[in-house]
Each structure stands twice: as structure tokens, then as C-alpha cells.
Amino acid sequence: MSDDIDGAESAGAGRVTAADAEGQTPADRGAWNSRFGFIMAAVGSAVGLGNMWRFPYLTAEHGGAAFVILYVGMLVLLGIPIMLAEFALGRGTGLSSIGAFKRSGGKRWVPFGYLFVVTGITILAFYSVIAGWVSRYAIAAIFSGFPSDPSAHFGSMASGLPAMGFHLAFMAMVIVIVMGGVEKGIERASVLMMPLLFVLIAGLAVWAATLSGSGAGYSFYLAPNVSELLNPSTIAAAAGQAFFSLSLGMGALLTFASYLSRDSSLPREGGTIATADFGVAFLAGLVIFPVIFAFGLQDAVGESTVGALFIALPEGFASLGVAGRVVGAVFFIALLIAAVTSAISLLEVVVSALIDEWDVQRKPASIGAGIFVALVGLWPAADTNALGVMDAVTGNIFLPLGALGLALYVGWVYKNPIDEVAMGAAPGVRRWLKGWLWLLRFLAPVLLVAILAMGIGGVREAIAELIGG
Ligand code: TRP
């Protein structure tokens, strides 16, 4: 890029020095081995607790199929456009979040890069605590069965020393994978785990269809309540879920795209990733709704954010004896896989910033950042109200704000975004990209500001609970 950008110079110069010192080429920063590997890693980031818990829970809360329809609309109008913005910035600059703004001439936008790192640390700190609960349920299903009183059991294991222990163990696993690097760590883990996850979820959906009484679940899930289609809070919830589920708004996919070559088609990969992400969310609905309705557990779903996953489902599984244990174990193992591959992308945002901006080697960067996140996570592991605050602040404020920054920066400031996205794509794609830019410039900011405005109430509530409890 041009010489008048001093931020770019120092970032670029720093990288070259580090590479020279070891006799490496800049390519040793890391790169995907295959197109499939990149897609699996990105899908791995996208598919997580958001698909298997947040999506069904929001669908239940917002009137079933109407929410699903709005969600698909938001994936196309908001999710994919912002994903392409992250891809363009990451691949175009070849740097992770902080450096990407600097190198492309957006010095004043660098605070967004720092926001992304802070968001990654905060989300991972509590995400890992929830993943710790998931590991604990998976282990229980295999070795001892589900507890007879899941609600009391959940209350006793959600916080305190055991929760801390499982959280630390989960973080250790994430650190080891990220330490392995882009190709040998992240790509390899994703290529192994994601296809397995698809098979497990599809198998569970088939099993759920055999339950007697599942019909009511399908009709709730698949028959739209048309009046919800125009409800602003349903629309905002669908928009928020679209970018949370696609891992947007904190540079995770930006960072993954920085390891991508120029001949890959960004629109094609983006479409594949969004389709796979929606596919898993939709399948998760085909597992959860039949189970919930077959066992008459409707009330537990919309009632609390963790109720469906850690209380209602185990209750259903427990009532099925041995078969329930097997299915329950499969379910929680699938959930754990989804959580690991998402957690990897969260840590990678922090690690890649240390590598690109501060010339830290990957190993110490992974260990240092990982231990730091693990320590921060001790707080939400000790207090579920703290977890609620971290969830609300990141989900309602940091991510929409980050997505807003990305939409505005790539839409209005970044040079030649259309050329960057068109590079490597089929020639016919170019004519659609004007529409893409329009969505980034106008529609996405309006929607994101609306989401931010509506999200502030949620943060207040969470803080009130933390202080009051
Ligand atoms: N998308 C993941 C999920 O659905 C969560 C996640 C991982 C995420 N990385 C992210 C969300 C980055 C926002 C930003 O569970």
C-alpha cells in the first residue's frame, strides 16, 4: 500500500523484521492449506452455542416460523454483507484486526481494532464457562447418567470451584489448538470436527422425529405466525442473531480471511458459510422443538436463557432411560465440538493481534493470551450474574458497535472495496456488488443503530441483577 500511511509502515516493517530474524518469509504468518479447510474453520467459528441454544430459544420467544423467515432475510441483508466487509478488509490487508485498519489508511479507526480484541477476550471468558458446563454434562451422560433433579443440579454446578475447573480445562484445550497454528492447529481441528458435528446433529434430528408427540413441536417451529413478521422487536432480534451466529462484529472472520489467497471467491465462500451455519441452526431446531413438545417442557424454553439447554433437555433425556443417556451424550458432545471451534476463532483474534502488532511468536502469544482469558473467566465462573453482564455487554453493545464500525469503514472509507471482493470471484458477481455496497452504507447502519438502541435495556437489566444479587 502507499507510503504516506505511517501506521502501515510500522506494522509492515515490524512483520518483516520478525520474519527476517528467523529467516522466514512473510507467508509464514500462516495460511490455509485448502479452500475446504478455510470453509470448515469459518463454519466452525460460526456454528456454536448460538446455533444450538440461542437460535431455538429466540425462535421460541418470537413466535416460531415467523422468526425463522425474518432470520433468513437478515442473513442475506445484514449478515452476508458484513461478512464480505470483514473478508475484504482481512484479505485485502493480509493483517488481523488492528493492523487491517492501520494498513488500509484508517488510522482513526484503529480503536475498533482494539475493541475487537477486548470483545474477543470478554466473549471467550464467559463462553468458556458455558462450554465447561457442556463438558460436564457430556461426561455425566457417559459415566453416570443425567441427574434426577436437573434444575437443582444446574444451580449447584453452574458456579464455584467445579465450574472454574471445567472452564480452565476447556481453555487449555483451546490454547493447545491455537498454538498449533493456522494450518496444523485451527484448520486440522475444524476439518476433523465439523463434518462429525453435521452427522451428529442430523442423526439427532432423525431420532427426534421418532418421538411420539413430536408433531406439536414441528407445527410450532414450522407454521408461521404472520403477525410477528412486522414486529420491530422480532426484526431486531433476527438481525442481532444473524451477526452473532455468523461470528461477525469483532474481526474473527476478518482474521481468518487474512490467511486466504487472492484466488478464492469471497462471495462464494460467504454464501457457503452462511448456508452451512443456517443449516445447523435449522437442524438444531428440528432436534429441540420435537423433544421439548414431546416431553411437555415448553415452559422452560423461553423462560431463561440457559433453561432449555441445561434443564429442560436433560430432563427429557433422563426420562428415556438408557436411550436417553446415549442420545444425551451425543447431543452434549456435538455441543462441545461446536463450542471448541467457535472458541478457537475468539482466541485467534487476540493471538493474531499479538503476532502482527507486537511481533510475539505464536506459541507464547497463545499461551499468554489464553492464560489471561482463563483468569478473566474465573469471575463469570464464580458468579453467573457476572456471566450475564459480560454476555449482555458484548452481545448488545460491543458486537453491534463493531459491526457498525466495519459497515461504515468498508462502506465509506476503505478504498475500492468492490475490486477487493470481485478479485477471485466469477465475473458476473461484480454487478451485484453495487447492491452490496448500498446495504453496507445505508441499511446495515440503520439496523445496527436500532439494535444498539434496543440492546441498552438488556445491559441495564443484567447489571441490576449483578448488583442486586
Ligand atoms: N458464532 C458463534 C456462535 O454462534 C459465537 C462466536 C464465535 C462469535 N466467534 C464469534 C460471535 C465472534 C461473535 C463474534 O455460537
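1. The largest cavity has a volume of about 160 Å³. A cavity here is a set of points on a 1 Å grid over the protein atoms alone where a 1.4 Å probe fits but cannot get out. The volume is the space filled by probe spheres set on the points, with grid points joined across faces, edges and corners. A search of the whole structure gives two cavities of 30 Å³ or more.

2. On the basis of the work: this is a predicted model, so local features need pLDDT of at least 70 and side-chain atom pairs count only at pLDDT 80 or more, while totals for chains, interfaces and linings use all residues. Residues are numbered from 1 along each chain as its sequence is written, and side-chain values use heavy atoms, with hydrogens and water left out.

3. Back to the largest cavity. It is lined by 18 residues, and S45, I123, F244, S247 and L346 are the closest to its centre. Lining residues have an atom within 4 Å of a point. Elements giving two or more residues to this lining are α2 (35–46), α3 (49–61), α6, α11 (232–245) and α16 (321–358). Helices are DSSP runs (H or I, at least four residues), numbered from the N terminus. The lining divides into 11 nonpolar, seven polar and no charged residues. Nonpolar covers Ala, Val, Leu, Ile, Met, Phe, Trp, Tyr, Cys and Pro; charged covers Asp, Glu, Lys and Arg; the others, Gly among them, are polar.

4. The second largest cavity has a volume of about 80 Å³. Its lining is L49, W53, R54, F126, Y127, I130, F244 and D391. Helices α3 and α6 are the elements that give two or more residues to it. The count is six nonpolar, no polar and two charged.

5. Now the surface. I139, I142, F143 and I333 form a nonpolar patch with about 380 Å² of accessible area together. Such a patch joins nonpolar side chains (Val, Leu, Ile, Met, Phe, Trp, Tyr) within 5 Å, from residues with over 30% relative accessible area and no salt bridge. Areas come from the Shrake-Rupley method with a 1.4 Å probe. Helix α6 (residues 110–143) gives the most, with three residues. I139 lies in that helix, α6. I139 is partly exposed, because its relative accessibility is 40% and the class runs between buried (under 20%) and exposed (over 50%).

6. Which residues pair with E420 in salt bridges? R91 is one, with the closest N and O atoms 3.1 Å apart. A salt bridge needs a side-chain nitrogen of Lys or Arg within 4 Å of a carboxyl oxygen of Asp or Glu. E420 is in helix α20 (residues 417–422) and R91 in helix α4 (residues 65–93), so the pair ties together parts 329 residues apart in sequence. E420 is buried at 7% relative accessible area, and R91 is buried at 2%. R262 also pairs with E420, at 3.2 Å between the closest N and O atoms. R262 sits in the loop between α12 (252–257) and α13 (266–294), so this pair ties together parts 158 residues apart in sequence. R262 is partly exposed, at 39%.

7. Helix α20 has another contact. D419 and R430 meet in a salt bridge of 2.9 Å, N to O. R430 is in helix α21 (residues 430–468), so the pair ties together parts 11 residues apart in sequence. D419 is partly exposed at 36%, and R430 is partly exposed at 42%.

8. Overall, the structure holds eight salt bridges. Shared partners join R35, R268 and E269 into one network.

How values were computed
Patch = residues over 30% accessible without salt bridge, like charges linked within 9 Å, V, L, I, M, F, W, Y side chains within 5 Å. Buried < 20%, exposed > 50% of the residue type's maximum accessible area, 1.4 Å probe, protein only. 1 Å grid on protein atoms, 1.4 Å probe; cavity = no way out; pocket = protein on both sides within 12 Å on 5 of 7 lines; lining within 4 Å.
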